[in-house]
Every structure is written in structure tokens, then in C-alpha cells.
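This briefing goes through one protein structure, topic by topic. Keep the sequence and the 3D view open while reading.

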Amino acid sequence: MNMDKLTNQVSDWLKGSGPDADIIISTRLRLARNIRGFVFLSYALAKQRIEIESFVHEKLKKVPFHDKLIYIQMKDLSLIDRQFLVERHLISQDHAKASSYRAVAVERKETLSIMVNEEDHLRLQVILAGFQLADGWKEINKIDTQMEKYIPYAFSPQFGYLTACPTNVGTALRISVMLHLPALAIARQIDKVLNALSRIKFAVRGFYGEGTQALGDFYQISNQVTLGKSEQEIINEMQNVIPEIIKFERNWREKLLDDNNKKLKDSIMRAYGILRHAETITSEETMKHLSLIRLGINMNVIKDTTLKKINELFIYTQPAHLQKISKRELAPSLRDIARAKYIKAHLN
Amino acid sequence: MLCQNCQKKNATVHLTEISNQNVQKEIHLCDDCAHKQGLPYKAQFSIAEILSGLIEPLMGKAIGEMANLKCQNCGISYVDFKRQARFGCADDYEVFKEGIVPLLERIHGATQHHGKIPSQVNQELLHERKLKDLQRELNQLIRTEEFEKAAEVRDKIKKLKDKATKPNNSKRKK
């Protein structure tokens, strides 16, 4: 089945390449779109939801990029498969949890995903490795422009693209940049960054979006304002803010190395040691140690593994990924054993 | 961080107690333990709750007329929208416009779209928008005293206006 294809490949955005890859994991852009003439999702009856889903399914067969898409109906997926897609950042938690008549179209390299019947009829997402705002916008804008030839969007000259939630209306563009900020976390400087960001109306979330903690020192920074600014203006603001945070993190990395060379190196190597030898390990502990190892690679303390490998481990040690790899359901305690084994095999 | 109480789950409730002597004490608990201890907290506000909070004061003023408003297309009332913080269909934006404009002003600090327009939307609108955008750019440039660039933009505006009044000449090269 399609899902196995996804399990065996590594998402393009995880490859540890791209500009500023030492700090920026990925740049994600999302456009919310609704179809003219259909009721919005939260008020749509089952019959209307089916109608919307099949309408989109038919239209997606005609778009120029149709042959690159894998179309998956959520009803065909097990809970583990759904969670797997969440862990891959291809669908939202809500999309995985909710019942029928939802779907997702995933582009083979996993750069593009289109959620059908999420909060809005369509949620287009492009995710690229590293800091790639301009390319990300170029890509999603192209997809969106191709789709609007087949799908009439709900649009108003005053309010722009009309969305189910008033926080998304206008451009309906949400940019999320995922940053790895371990040095700022160690130096307890994160709050400064978060306070500054909230003052300029930027939201900060954890690894898996809304409501998740900053596991593994990952932070997703995204714009909150979608109305009154053009897409380019939103991108420019992001382009101005993110490099400042990158600079701040890099400065602290250097300072930490200078200040207590041995102590930091010691914690990095201990983390590496634990992951290479543990017999059982939880997801939280894994994230914590991987974060230090990632820092170690970027600071040239660890030289015998790669950023790509560590990036992959962040995703492949998540619960659903482990169960997909093991090809069976695992209780949490068994997962911890499988996780330790998987990490060992990949780090030794 | 683990919950200080059960040492099992992740702490999601973080409190700072300030006693009489101004001594601060930090407490980190998981949801369950915080509940058990009867702490007066709310782990997280949902977007709906935050939005209803925004809509609330507006409702006070408009409740009389607005409460009875109902969208003919999706059937939701302004009160439904207030409760769910979600629109029922695209028409709601027009039907509840009076209540929505101040809400958008609060959320986004703006009430007019300045971004992309789908190609299916008619040309006249596109033209009008382009003019508005250029005008905005011109004002910005004048504010920042970049007069050379401003002159360029002014010329663009003029050209665009001419095009509209003389549609037959629109393809003429200069």
C-alpha cells in the first residue's frame, strides 16, 4: 500500500540540507482555501462532507501535478498510520483524530501535502529543508495558482480568502519555521526570544505544533497576522526576524564553547553515550539527548555521525514510526525497547 | 520536565507562588496532579475560548440587532458564530459583517485584504486592487522620503489609470 512507500523513504525536508541547516530544520508554508458554494466543515453534514471530498478528489486528478500525488482517504488508515502522518508533519493532529470523509494528498517527495476537509476544505502545505522562504512561497503559490483553475475558491475583495476561523482570513498564509535552539535553552535565553516574538505578533509552538511542548529544544515560529498584509510582506517580516534568532543562537553556541568547554562537551558526549548503549528509552529522553548530539555535530564536537541521520532519528523514534518499522502494535514499554534498539543500530 | 508530585508525567502547569516575604517558589505539575490539588488554573485556552473573549464585548453593544441575524445559506446565527468562533460558510462574512469588522481589527489590526487575488476574480477588481496597492506603496515611499522611487511608482499609477480610460490603447507600446 501507499503507506509502506512512505515508511521506507525519508522526507526530503529531513535531509539536513538547505540554508542554515545547523539551526533551521524546515520552512513550512500553509494556505487555507475553501470552495465557493460549499458550507464550511464544522457545520457540514456527512452528505456535504462526502460531496466536498469527492469534488476535490476529482479535481485533483486533473491538476498538472496530479501524477506526483498519492491520495489517501483517512477512513482507510489505521490509527497508527494516521499518527505516522502526523509525525511526518504531513497532516495535523486534528486531521488524524477526526472521523470520516477526510483525506490527504501527498506529493511523493513529501514536499507538498493537501489536506481535504480539515478545518477548511483545503489546507495546502509546502515544507522545505532549512531556511527557504522565497522558494517555499514560489512553490506553494504555483500549486495554488494551478489549483484555482480547477477549484473555485471562496474569496471576497475586502476580506480575501475566506476561512472557517477569522484568525486565518485574508492571505490565509501561515509560515512556520522550525528552529533548533539548544544553546539558547542551555543559557536560559529562550524566554527573551519568546517575549520579543510575542510583542511583534509571532506565535511560538513546539515540535508538533499547537499545544505541544518545546521537545528537544525545537521551536516553531509562525506569523499570526494574515489580513491586511500581502504574502510578500508576511514573508519579508519573517525574513527579517529569523536571521536575528539564528545569530543569537550561534553567538551563544560560541560563547558556551569558550566558557565551559569541558562541561558542555561532557554533556554532549554523555548524551551520545546513552543513546548508543541504552537498552530501553522513552521518546522524551531520546529527544533530549538527540538535541545535544545535534548541537555536538554543529559544534564539531561529534564528527562520526551526520545531521541527516540525527534529523531522521527525531522522527523515526516517534511512537507510530517505531510501530510501522516493527510492523506491529507495541505497548509503550515495548516501544521503549524497540526505540533503544533502533537508535543503537543507527548510531553505532 | 517531570511533574514534581507524581514524577511520572510531564509537567504542564507551571506556577510561581509569591509569599509574604516576597520569596518566589516555582511549582511544576502535570494536569492530573494540578486538578487533584484543586489549583485554580486553566491548562490551556482553546482558540474558540480566546475568540469568544474577543467577541464578548462587541456582543454587548450589538446583541439587540445582531442576535437575530441568521445566515440564509448555512443557517447559523451570530450567536452560534460567537459560541464556536467558526464561520458556517463564506456568506457569513457578509451577513455578520457589522460584528466581524471590529473583530478582525482586533485580531489582525486590519480589515482589508492586500494579498493574492484568484485569477477567476474579474479583471476590473484586479485593476482596482493594483491601483490601491501602488497608492499604498507611494504613500509609504513619501513617508520614508524616497522620492526617486516614489516618482517611479507615481508614473506607474498614471500609466495604469490611462490604460483604464483608454482600453483600446492598452497594448500600445511606449
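How many salt bridges does the rule count over all chains? The count comes to 26 salt bridges over all chains. The model is predicted. The points below take up salt bridges, the contact between the chains, surface charge and some single residues.

**A salt bridge inside chain A**
- Arg88(A) and Glu110(A) form a salt bridge, with their closest N and O atoms 2.7 Å apart.
- Arg88(A) sits in the loop between α3 (79–87) and α4 (93–97) of chain A, while Glu110(A) sits in the loop between β3 and β4 of chain A, so this pair ties together parts that are 22 residues apart in sequence.

**The interface of chain A and chain B**
- The size of an interface is often given as the accessible area lost when the parts come together.
- Between chain A and chain B, the buried area is about 3400 Å². Carbon and sulfur atoms give 57% of that area.
- In chain A, the residues that lose the most area to chain B are Tyr43(A), Phe159(A) and Pro166(A). Together they make up 20% of what the chain A side buries.
- Chain A brings 43 residues to the contact, and chain B brings 38 residues.
- The rule finds 3 salt bridges across the interface of chain A and chain B.
- Asp144(A) and Lys116(B) meet through their side chains in a salt bridge, at 2.6 Å from N to O.

**Positive charge on the surface**
- A patch of positive charge on the surface is formed by Lys68(A), Lys109(A), Lys138(A) and Lys142(A).
- One of these, Lys109(A), belongs to the loop between β3 (103–107) and β4 (112–116) of chain A.

**Positive phi values**
- Asp217(A) is a residue other than glycine, yet its phi is positive, near 60°. Asp217(A) lies in the loop between β9 (202–205) and β10 (218–223) of chain A.
- Lys327(A) is not a glycine either, and its phi is positive at about 60°. The loop between α12 (319–326) and α13 (332–347) of chain A holds Lys327(A).

**The surroundings of Pro64(A)**
- Pro64(A) is placed in the loop between α2 (46–60) and β2 (69–73) of chain A.
- Leaving aside residues up to four places away in sequence, Pro64(A) touches Gln146(A) and Tyr150(A).
- Pro64(A) and Asn311(A) are 247 residues apart along the chain, and their C-alpha atoms are separated by 32 Å.

Definitions and conventions. Residues numbered from 1 in each chain as written. Chains lettered and ligands numbered in written order. Predicted model: local features only at pLDDT ≥ 70, side-chain atom pairs only at ≥ 80, totals over all residues. Heavy atoms only, no water. Patch = residues over 30% accessible without salt bridge, like charges linked within 9 Å, V, L, I, M, F, W, Y side chains within 5 Å. Areas by Shrake-Rupley, 256 points an atom, 1.4 Å probe, with all protein chains shown as cover. Salt bridge = Lys/Arg side-chain N within 4 Å of Asp/Glu carboxyl O. Lys, Arg positive; Asp, Glu negative; His and termini not counted. Charge placed at Lys NZ, Arg CZ, Asp CG, Glu CD. Helix = DSSP H or I, 4+ residues; strand = E, 2+ residues; numbered from the N terminus. Contact = heavy atoms within 4.5 Å. Buried area = accessible area lost by both parts, 1.4 Å probe.
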